Amino acid sequence: MADIQMPKALQWVRLLRPLLEKYGVDYRQYCLVVRTKYEMAARSQNGIGLTMQTNGPKKPSANPMRTSFLVNLLIGGVIALLMALYAHTSLMTQLTTLFSTLFIMFFLTMLTSYSTLILDPRDRQIFTVRGVSGRTLNLARLSIVGMFLLLTILSLGGPSLIVIAMSQQNIPLVLGTLLGALLLALFCFVLSLFLYLLVLRFFDGERLKNILNILQIVIAIGFYISAQLPNLLGADVLAKFNFTIPNNVFFWWYLPAVPVWFAGPGLLMAGVFAPSAWLLTVLAVVVPAVLLVIYLKHAGRFEQYLEKLEQSDATSRKNGWWFTLSRRVLTANSEEATYYTLGWRMLQYEREYKLRVYPQLAYGLIIPLIMGSAFLRNMSWAMAKNFAPYLSVGLILAVPTALMMLRYASQPEAMGIFRFVPFATQGLLLRGIVLAMFARLFLPLLLLYPLAMLAVAPATALTSGLLVLTLSLAVTFLFGRFMVGKVLPFSAEFNATKGMQNGTIGCVTVGLAMVLIFAVIMVGGLVHAWWLDLIGAAIFGVIAWLSWRSYPRSIMYDLHLQETESDQD
C-alpha cells in the first residue's frame, strides 16, 4: 500500500516509523491523523496558523505557520533586548532571566494556542469510529503540538542565544543553553499534559474548563516568582553563589526555583562542574522524564476523559454571593442589572474569551515583577517595600484585550434578538456588560491585593489600593467607549483577520496602559505618601464617574450582526 503523501513540513514523521510501530501504533493511520491535524491547525483561529489580512482573494498558503513564526520571532527579539540589558551581570543572572521569561512564554503558549489541539473532544468522535486507536490518536496529536512547540522555541529563544554567544563568546555555553531551552519546553509540555490528565480525572462540565485555565496561570505565576528568588533574596545571597569555584554548598531555593533548573546544562557545557550545576542539570532532566512516564502510563484514559469537555453540569447554576453582591452594588437600576447578568453569564460560558483574556491577567501580574526585579534588587528592603503596594496597577495591561474581546462570541446569532426587541437606553447594555467584566475579572484581585500589602506597607496599602481601583475603573470606562464602539457586544464571531484589524487599537491602548503602569509605580513608590494616593484616587474617581454617566446618553448601537468571514466569502 502506498505511503501517505505528507506536506514538506511533516517529512520528519517518516523517521519515527520504526519507533511508532514498536510502540504499537498503526503508522498509516498515524500519518493520516497527523496530516489532518496539521492542516486543521494551519487554518485555525488561535494563532497557530495566523495569516495576515490581504485585500485580494484568499489563497492557500504554502507555509501556513510562517506568520505565526515571524510574530514569535519578533517577541523573541524583545526578549533578546532584555538579555542585552543584562549582559553586564553574572552568567547565572542572565540564564535565570532568560529561562524565567521563556518559561512564561512557553507555558502560556500551551494555554492559548496549543490547548485547543490537545483538548479537542471531537477527535475521538471523528477518528475512533474509523478504527483509529486511542494510542495512535494521542501520539499523533502530541506529535503536531511538539512540532509547533519546537518552532516556538526557535523563534522565541533563538535571538537570545545569539546575544549570549556575542556576550559570552563561548560556543559550548550556547549549545548547553539551547539544550536547556529544549528541556524547558519539554517540561512545559509534559507538565501541561500531566495537569490536563489530573484535572480531567477529577472534574467535569463547565467547572473543568475554568479550572484548566486558572490552574495553568497560577502555576505560571508561581514558577516565575520562584525563579526570581535568587534576585529577591539580595546581593549577599548572590555573592555566595559562585559557580566558578566548586563547592558543596546547597541553597534551599534551588528546588522551588523551577526555571533555574534549566540553566544547569549551560553551566556544565561552559566547564562549570560545581555540585550545584550538576544538581540543576539532574532536576532539569529527571523531572520532565518522570512526568512524561506518568502521563504515558495513563495516556489511554486521556481520550476517554476528553469527553467530559462536551458535557454540561447536570445541576443548574446558582447565583454566587459575589455575583449577587456586585450586581446589587454596581448597577443603578433593574434594567442595568439585567444587562449585568447577561454579561456575567456570557463571560461564564465563553471559553474562547477565557483563553484569550486570562493569560493577559497573568501578564498584568508578572510584567511589573519583570520590570521591577532588576530595579528593586539593588534597593534596601525599607525602600523597595514602598513600591510593592502599587504593583497591582499592572492589571490595567489586561483591560484592552478584555474589552476588545467583548465584541465576540461563539454564537453571535443569539444577539440578533436585540434587532427585534427595541430598547431606549442602549448605552446601559454596554455599561452593564463592562461592569460585569470588571467585577468578574479585575475587582476581586484589586480588593484582595491591598489587604495582602497591609503586612508589607501598612501606611499606604489601603490608599494605594483605592488609587489603583479608581484608575482601573476610569481606564475601563474610557477604553470601553471607543474599543467596543458601536458594535453590539457578543455579536461577531472571532477570527484571525478581525483580530489583526484590531491589532493597531490594541497596541495603542496597551502602550498607554504601560505608560500609566510605569508612572503610578514610580511616582507612588518614590513619594510614598497617603495624601497623594487620595488626591489621585479623587481625580480618577471623578473621571470614572463622568465616563460612567455618559454611557446611557451617548452610545447608540448599529443593531446588525457583524458579518463573519464565512458570510463575506
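Guide: A crossing of two helices is left-handed if the near helix is turned anticlockwise from the far one by less than a right angle, and right-handed if clockwise. This is a predicted model, in which local features need pLDDT of at least 70, side-chain atom pairs count only at pLDDT 80 or more, and totals for chains, interfaces and linings use all residues. Residues are numbered from 1 along each chain as its sequence is written, and side-chain values use heavy atoms, with hydrogens and water left out.

Visitor: In which hand does α7 pass α12?

Guide: The crossing of α7 with α12 is left-handed. Helices are DSSP runs (H or I, at least four residues), numbered from the N terminus.

Visitor: What are the angle and distance there?

Guide: The axes of α7 (residues 171–202) and α12 (residues 275–297) cross at roughly 35 degrees and come within 9 Å. Axes are lines fitted to C-alpha atoms over the stretch in contact, with angles from 0 to 180 degrees between N-to-C directions.

Visitor: Which residues make the contact?

Guide: Among them are Leu183, Phe187 and Phe194 of α7, with Val285, Pro288 and Tyr295 of α12; contact means heavy atoms within 4.5 Å. The contact residues comprise 16 nonpolar, no polar and no charged.

Visitor: Turning to α14 and α15, how do they pack?

Guide: Helix α14 (residues 321–330) and helix α15 (residues 334–349) have axes 10 Å apart, at an angle of about 140 degrees. Their crossing is right-handed.

Visitor: Which residues meet, and how many are charged?

Guide: Residues including Trp322, Phe323 and Arg327 in α14 meet others in α15, including Glu336, Tyr340 and Trp344. The contact divides into six nonpolar, two polar and three charged residues.

Methods:
Helix = DSSP H or I, 4+ residues; strand = E, 2+ residues; numbered from the N terminus. Nonpolar A, V, L, I, M, F, W, Y, C, P; charged D, E, K, R; others polar.
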